[in-house]
Amino acid sequence: MQAWNNALRKGIGSLRKVSAFQWILFILMSLLAMFMLLPIVYLFNHALKPYYELFLYPPTFIARNPSFQNFIDLIVVTQSSIVPMTRYLFNSIVASLLVVVTSCLFSVLCAYPLSKHKFPGKGLIFSGIIISLMFAPEMVGIPRYFVISQLGIINTYWGHVLPLVAMPVGVFLMKQFIDQIPNELLEASKVEGAKEHMIFLKIVIPLCMPAVATTAILSFQSAWSTDETSTLFMENETMKTLPFFVNTLTNQLANNVANQGAAAAAALLLFIPNFIIFLLLQRKVITTMMHSGIK
Amino acid sequence: MSSPASGTIQQPMERPKQIAVITPFVQAIKQHWLSYLFVAPFLITFILFIVIPTLAAIGLSFTYFNAIEAPKFVGWLNYRNLLTQDMVFWKYAIPNTFKFAVIVGPLGYIAGFILAWLVSQLPARIRVIYTLALYTPSMTAGVAMAVVWLIVFSGDRLGYLNSFLLEVGIIDQAQLWTQDPKYLMNVMILVTLWGSMGVGFLALLAGIQNVDVQLYEAGKIDGIRNRLQEIWYITIPSMKPQMLFGAVMAVVGTLKAGQISVQLSGANPSPQYSGHLLINHIDDYGFIRYEMGYASTISVVLLVMTYLVSRLCWKLFGSKEE
């Protein structure tokens, strides 16, 4: 009881410390947050609206009779078509998982020597990465297409994965993060006879997990939501991914609500995994971003 | 040429020690094989999918290439055509990109900084909620973003915006928000700004939270009176590296945008070129007309623009290590 009272007193105390400035800020920021989230709320409601509710005027903001009909339609209606929706979903999951695993692994492998080793060419590689931060691969889509067709990975999962594996931002963030690990720690374990790969596995990887998590989020977001690889590198309909499918649904959407329920349901499928992963890992992201500066 | 370069280089970040690469190669590999082994997987994919395409774009920009016959070297012809003949480029792509980039880039960046600062002024416990609210829109990037906003901007009276404005009486008939050339650009800007609080925003937020509290106390003693002065004299100078990272992300994010016009209007080129950005111009020539050489020329121009603007940010926020 005593502890409870103390806690309560402390709680009230900290409430009192909140200044008028913070109250105003709190209200303004809440309004802004609502504005930012409003379209997402629409998306949710739209996805849950049964077909007839889409045509109500004035349009309802909250679905009156929420149902999963749109999701069921999405699966059932496309079941009979050439490529069922589940196939796009499956392709997306496989491709995204492969991208996340390989890009995290490659990034941390590359970041460690860039941060802690001395070797010829290191400066060149790092400045190459910095410069490529300023470019976007989207800008050179055409030559990328030729590289990929030369490699013979058109219409394979590799075509989805390999173009997205090299993530300069990931390497950059990890390198900045590993820079924070004191050299003494690594040298001490070297003195004790630890081999380089053991240092990497037992010290570097555990310590830079926040940066790995951040890279995982970023690579997942890019892989899960891109339709570029599907439109450019896949000719075979069965190899295309979910964003491509959603795109085909939205093409006829601009002036017509008929398909909006299905499109919203599919877009929600694109959005929710991103959201959940970020929610789980957001603390790690902020920690990583503290070291994100380009010095 | 073979004199050690380290003494003469002033900014080691910008000018790599290229001379070191030329020195006995085999020996270096033998001595540092493990480092190279670690770097190799990334480096190979990096070279294959980023470096080679970039170099190839520069190469192709000097050719006529229709993707069927072998590329024919044409010298500066593409560049000359781009600069002197391409009406769409000058009349729509450049002004549109300029308008779009000036508003979305700096404005989005400044808004990102202000919002990050405001969030960091809130009590630590509820910060997470606001961070999440501001960051969430950027997760819809790409296809999902178009769906989200097409629901709002739907062109019949069942669209949320149309029905609201009809109700209030501001408009008397439904507007085709995403197809009418009058509105498309503004809609694109709004939507992109909404989704622009991404990685750069998180970096700024972390940077602000990372500033040493003692600096603020010292600042108070030195005569800093209000929060604006605090931001200008303490916060910004001590988080310049994050400011630079955020700025570079903003520049790249802005100049590579373009899909949004196609996704909103449902067509490339967008109605009357009203949302035609440089990226759409590249796609138009590359994937619709199959003039790969010319499309590469536009890519190169865009790359150079991105690079120059990023360098400008570097001038503003880069740490001076002279």
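Which residues have the most contacts inside the largest nonpolar core? This is a predicted model, in which local features need pLDDT of at least 70, side-chain atom pairs count only at pLDDT 80 or more, and totals for chains, interfaces and linings use all residues. Residues are numbered from 1 along each chain as its sequence is written, chains are lettered from A and ligands numbered from 1 in the order in which they are written, and side-chain values use heavy atoms, with hydrogens and water left out.

Going by pLDDT (the predictor's confidence in each residue, from 0 to 100), chain A averages 85, with 91% of its residues at 70 or above.

The biggest one holds 169 residues, and M29(A), F172(A), M289(A), I294(A), W149(B), F245(B) and L264(B) have the most contacts inside it. Its top contributor is helix α14 of chain A (residues 260-289), with 13 residues.

Now for S132(A), which sits in helix α5 of chain A (residues 122-133). Its relative accessibility is 7%, so S132(A) counts as buried (under 20% relative accessible area, with a 1.4 Å probe and protein chains only). Setting aside neighbours within four places in sequence, S132(A) is in contact (heavy atoms within 4.5 Å) with P168(A), F46(B) and I50(B).

Technical notes: A nonpolar core is a set of buried Ala, Val, Leu, Ile, Met, Phe, Trp, Tyr and Cys residues joined through side-chain atoms within 4.5 Å. Buried means under 20% relative accessible area, exposed over 50%, partly exposed in between (1.4 Å probe, protein chains only). Helices (H or I, at least four residues) and strands (E, at least two) are DSSP runs, numbered from the N terminus.
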